[in-house]
Amino acid sequence: MEKIRDFNPKGIVLSGGPSSVYSEGAPVPDMQVFQLGIPVLGICYGMQLIAHYLGGRVGKAAKREYGQAELIVDNDVDLLQGISSRQRFG
């Protein structure tokens with residue numbers, strides 16, 4: 001947390017991965033990241049982690065969606081400023 005505070009980020013992104021929030025040993029950040037007073041964006045697993053941390057339930061889907069994905073940016077204002085319009089991840 002000290003390194004994060006020293007970096008003074010404008011926001012934090014919790015990214016995806018193949019883990020489940022209910023799995024033993026699943027990666028979790030220091031939960032103090034939610035108390036920094038900055039936006040936290042969760043993508044895939046990161047979103048599930050935020051929901052779980054805030055008291056929500058994460059249900060199992062019929063089909064897993066972990067793998068390659070394409071990001072298409074159609075509005076490069078604020079958060080996505082400077083990001084190329086098409087990127088492939090995974």
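**A close look at one loop**

Modeller: Start at cysteine 44, in the loop between strand 2 and helix 2. Keep in mind throughout that this is a predicted model.

Most residues other than glycine have a negative phi. Next, the surface. Cysteine 44 has a relative accessible area of 34%, so it counts as partly exposed.

Asparagine 8 has a positive phi too, again about 55 degrees, and again the residue is not a glycine. Look for asparagine 8 in the loop between helix 1 (2–7) and strand 1. Is asparagine 8 buried or exposed? Its relative accessible area is 62%, so it is exposed. Asparagine 8 and glycine 25 are 17 residues apart in sequence, and their C-alpha atoms are 28 Å apart in space.

Back to the loop of cysteine 44, which has strand 2 on one side and helix 2 on the other. Take the strand side. Leucine 41 lies in strand 2. With a relative accessible area of 35%, leucine 41 is partly exposed. Leucine 41 belongs to a nonpolar surface patch, together with Val13, Ile43 and Leu79. The patch covers about 360 Å².

Helix 2 spans residues 45–53. The core has nine residues in all: Ile12, Leu14, Val21, Ala26, Val33, Tyr45, Leu49, Ile50 and Val58. Strand 1 and helix 2 are the elements that give two or more residues to it. Every member is buried, because a core of this kind is a set of buried residues joined through side-chain atoms within 4.5 Å.

Pick out leucine 49 from that core. Which residues does leucine 49 contact, leaving aside its neighbours within four places in sequence? They are Leu14, Val21, Pro27, Val28, Pro29 and Met31. Leu14 and Val21 are also members of the core.

How many aromatic pairs does the structure hold? There is one. Its partners are phenylalanine 34 and tyrosine 53, with ring centres 4.5 Å apart and 15 degrees between the planes. The pair counts as stacked, because planes under 30 degrees apart are called stacked. Phenylalanine 34 has 23% relative accessibility, and tyrosine 53 has 33%.

Next, the charged side chains. The structure holds two salt bridges. In one, arginine 86 meets glutamate 70 at 3.1 Å, N to O. Arginine 86 is in strand 4 (residues 86–89) and glutamate 70 in strand 3 (residues 69–72), so this bridge ties together parts 16 residues apart in sequence. In the other, glutamate 70 meets arginine 88 at 3.7 Å, N to O. Glutamate 70 is in strand 3 and arginine 88 in strand 4, so here the tied parts are 18 residues apart in sequence. Put together, Glu70, Arg86 and Arg88 form a network of salt bridges. How exposed are the three? Arginine 86 is exposed at 51%. Arginine 88 is exposed at 52%. Glutamate 70 is partly exposed at 37%.

Last, step back to the whole chain. It has two helices and four strands. From the N terminus on, they run α-β-β-α-β-β. The C-alpha atoms fill a box of roughly 35 × 35 × 20 Å along the principal axes. Buried residues make up 16% of the 90 residues. The accessible surface is about 7400 Å², and 52% of that belongs to carbon and sulfur atoms. Among contacts between residues at least 6 apart in sequence, 51% join residues at least 24 apart.

Notes. Residues numbered from 1 in each chain as written. Predicted model: local features only at pLDDT ≥ 70, side-chain atom pairs only at ≥ 80, totals over all residues. Heavy atoms only, no water. Phe/Tyr/Trp six-rings, centres within 6.5 Å; stacked < 30°, edge-to-face > 60°. Buried < 20%, exposed > 50% of the residue type's maximum accessible area, 1.4 Å probe, protein only. Contact = heavy atoms within 4.5 Å. Salt bridge = Lys/Arg side-chain N within 4 Å of Asp/Glu carboxyl O. Patch = residues over 30% accessible without salt bridge, like charges linked within 9 Å, V, L, I, M, F, W, Y side chains within 5 Å. Areas by Shrake-Rupley, 256 points an atom, 1.4 Å probe, with all protein chains shown as cover.
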